[in-house]
Structures are given as structure tokens and as C-alpha cells.
Amino acid sequence: MDRQIAELGEELAQHATQLGSVYELNIEPETLDVVARTLRGRIFPRIQVNEDNIKTFVWNAWNPTTGVEVDHDDSGGWVFIFDKEEDMQRVLNGGPWFIHLSWMLIAKWREGLVWEKIKLWHQNLWVQLINAPRSHIFEKNCKLLVSPVGRVLDSPYSVSPGKPSRGRAIRMRVELDLRKPLFCDFFLKNTEKPTWTRFAYDGLTKLCFYCGLVGHQWKKCKQLPPGVPHEEVIKEMENRSLEAPGECM
Ligand SMILES: [Zn+2]
């Protein structure tokens with residue numbers, strides 16, 4: 001490390017302030033402006049695409065009012081630089097975005113982070129909380145009930161106490177971590193007997209009914225016990241769903 005720093009050019013030494021072995025450089029406002037309009041994207045589960053496919057996806061799915069520059073990143077993902085921040089914001093708040101049957105996961109390129117080699121693992125989705133007893137329906141409680149699903153995000157819709165927000169279900173926006181199995185249902189203690197309360201996810205793709213992860217079909221699950229015939233696995237999954245019926249879709 002010290003040797004590398006010693007080899008830094010004189011040019012750098014003139015422009016940088018040395019704090020021990022840490023150099024500090026000025027950040028130009030123009031670069032911050034570009035970073036503020038940049039999104040990263042990753043196709044999940046992975047499919048074969050080329051840059052033209054991605055450009056077609058951008059125009060068809062995102063329909064930006066002006067240009068979007070498309071590029072690769074170092075993690076096998078994509079980089080999108082929007083001409084207009086409003087277009088980027090609309091994409092960020094919308095979705096899930098589909099390219100064929102896969103998702104285009106997106107995240108803002110955050111200022112100061114060197115994370116272009118880090119894979120994206122998060123998807124924002126609407127989740128419905130179904131069958132929650134009315135006495136439990138108020139904003140704080142609903143956020144608590146939904147929190148095992150993922151990070152609860154701000155939503156433009158507030159929960160009216162005692163009333164589901166739309167039809168019979170309460171809808172909340174959550175950030176899923178795709179490395180964790182989907183949380184589908186639970187029993188909520190109620191006056192007489194526990195109530196089976198469940199979640200339904202809008203815009204879900206390829207959910208494995210065996211391990212609960214998103215991104216593959218159960219027949220391709222790496223957690224299947226080797227050598228066990230598929231019929232037995234189906235039976236096991238049916239038995240499981242009799243104990244706690246899991247319907248995430
Ligand atoms: Zn699986």
C-alpha cells in the first residue's frame with residue numbers, strides 16, 4: 001500500500017491532500033449530477049440478452065421522455081444514465097420491471113459508493129396483507145405485520161384504522177431481499193382462535209415452492225434431497241401446505 005502511494009504521480013500529489021495513506025480529492029459538481037441520474041440494473045433470474053434487447057426494454061417498459069444511455073457494469077449488470085432525473089425517479093418508484101419472465105432489478109447509483117462489482121439482490125414490490133383481523137388494522141401494526149417480508153417502504157397510501165385500504169386487503173410497498181425465502185403466511189393471535197393471515201405479492205416471478213426463494217422453479221431447486229423422486233417431493237410440499245397453506249401469488 002505504502003509503495004503504491006509512493007508511486008502516485010507528482011500531478012496527483014499537487015491536487016490531493018494527503019491524510020496519512022488516505023488521499024482526498026475534490027468532487028466536481030458535474031459528476032455528481034450524472035451520478036444522481038444513474039441507475040444500476042440486473043436481470044434476475046438471468047437470461048441471455050444483448051445491448052439491443054436492453055435498449056428495446058428501456059423504450060418499451062420505461063418509455064422515457066428523453067434519452068437513456070445504456071452501458072454494462074462489472075458485475076454482469078447494466079448501467080442506465082437518464083437525461084432527465086424525473087424519468088429515473090418514475091422508474092425507481094414503479095415496477096417490478098419485467099424483461100421476458102425475469103425482473104430487471106434496479107437501484108440508484110449512490111454517491112460515494114464503489115459498488116459496481118456488487119450484485120443487486122433487492123426488489124421493491126407491493127404486498128397485500130390478507131385476512132388480518134380488522135381490530136389489528138392500523139398503520140403501525142400493519143407495518144409490523146409486514147416487516148418479516150422485508151424493509152417496509154414509504155407508500156403514498158395510508159392505512160385507515162379498522163379499514164382495509166383496497167377491497168379486503170392492505171397493500172404495502174416492501175423491499176425484498178432475494179437471498180431470503182419469501183415469507184408467505186402466519187397465524188395471528190385473535191380473540192377466540194388464531195387467524196391465518198397471509199401475504200400476496202404483486203408481480204412475482206418464478207417462486208420455488210420447495211425452498212421459498214424467488215428465481216427458480218422447484219424442479220430446479222438446489223436444496224432438493226438428491227435421489228428423491230419428484231412425486232415424493234410433491235407429496236411433501238402438499239403436506240406442508242396443509243399445515244400452513246402458503247399462497248404467495
Ligand atoms: Zn428452491
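Two strands are taken to pair if DSSP finds at least two bridges between them. Helices (H or I, at least four residues) and strands (E, at least two) are DSSP runs, numbered from the N terminus. On that basis, E69 stands opposite I81 in β5.

The structure is a predicted model, in which local features need pLDDT of at least 70, side-chain atom pairs count only at pLDDT 80 or more, and totals for chains, interfaces and linings use all residues. Residue numbers start from 1 along each chain as its sequence is written.

**Overall content**

- The protein has 7 helices and 12 strands.
- Of its 249 residues, 20% are buried; a residue is buried if 20 or more other C-beta atoms lie within 10 Å of its own, exposed if 12 or fewer, and partly exposed in between, with C-beta atoms placed from the backbone.
- Two residues are in contact if their C-beta atoms, placed from the backbone, lie within 7 Å.
- Among contacts in the protein with a separation of 6 or more, 60% come from residues 24 or more positions apart.

**The five-stranded sheet**

- An open sheet of 5 strands runs in the order β4-β5-β3-β7-β6, with antiparallel pairing.
- Its edge strands are β4 (68-72) and β6 (98-99), each of which pairs on one side only.
- Helix α4 (residues 51-62) packs on this sheet and touches β4, β5, β6 and β7 (102-108).
- The direction of α4 makes about 145° with that of β4; axes are lines fitted to C-alpha atoms, for helices over the stretch in contact, and angles run from 0 to 180 degrees between N-to-C directions.

**Strands β4 and β5**

- β4 and β5 (residues 78-82) run antiparallel and are joined by 5 bridges.
- Within this pairing, V70 has F80 in β5 as its bridge partner.
- The two strands form a hairpin with 5 residues between them, and G76 in this hairpin takes a positive phi near 85°.

**Strands β11 and β12**

- Strand β11 (residues 185-188) is joined by 4 bridges to strand β12 (residues 195-201), and the two run antiparallel.
- F187 stands opposite W196 in β12.
- These strands also make a hairpin, with 6 residues between β11 and β12.

**Backbone exceptions**

- Most residues other than glycine have a negative phi, and most peptide bonds are trans.
- F44 and P45 are joined by a cis peptide bond with omega of about -15°; P45 is in the loop between β3 (38-44) and α4.
- Another cis peptide bond joins G95 and P96, where omega is about 10°; P96 lies in the loop between α5 (85-93) and β6.
- H100 is not a glycine, yet has a positive phi of about 55°; H100 is placed in the loop between β6 and β7.
- H100 is exposed, because 11 other C-beta atoms lie within 10 Å.
- K206, also not a glycine, has a positive phi of about 30° and lies in the loop between β12 and α7 (230-243).
- K206 is classed as partly exposed because 16 other C-beta atoms lie within 10 Å.
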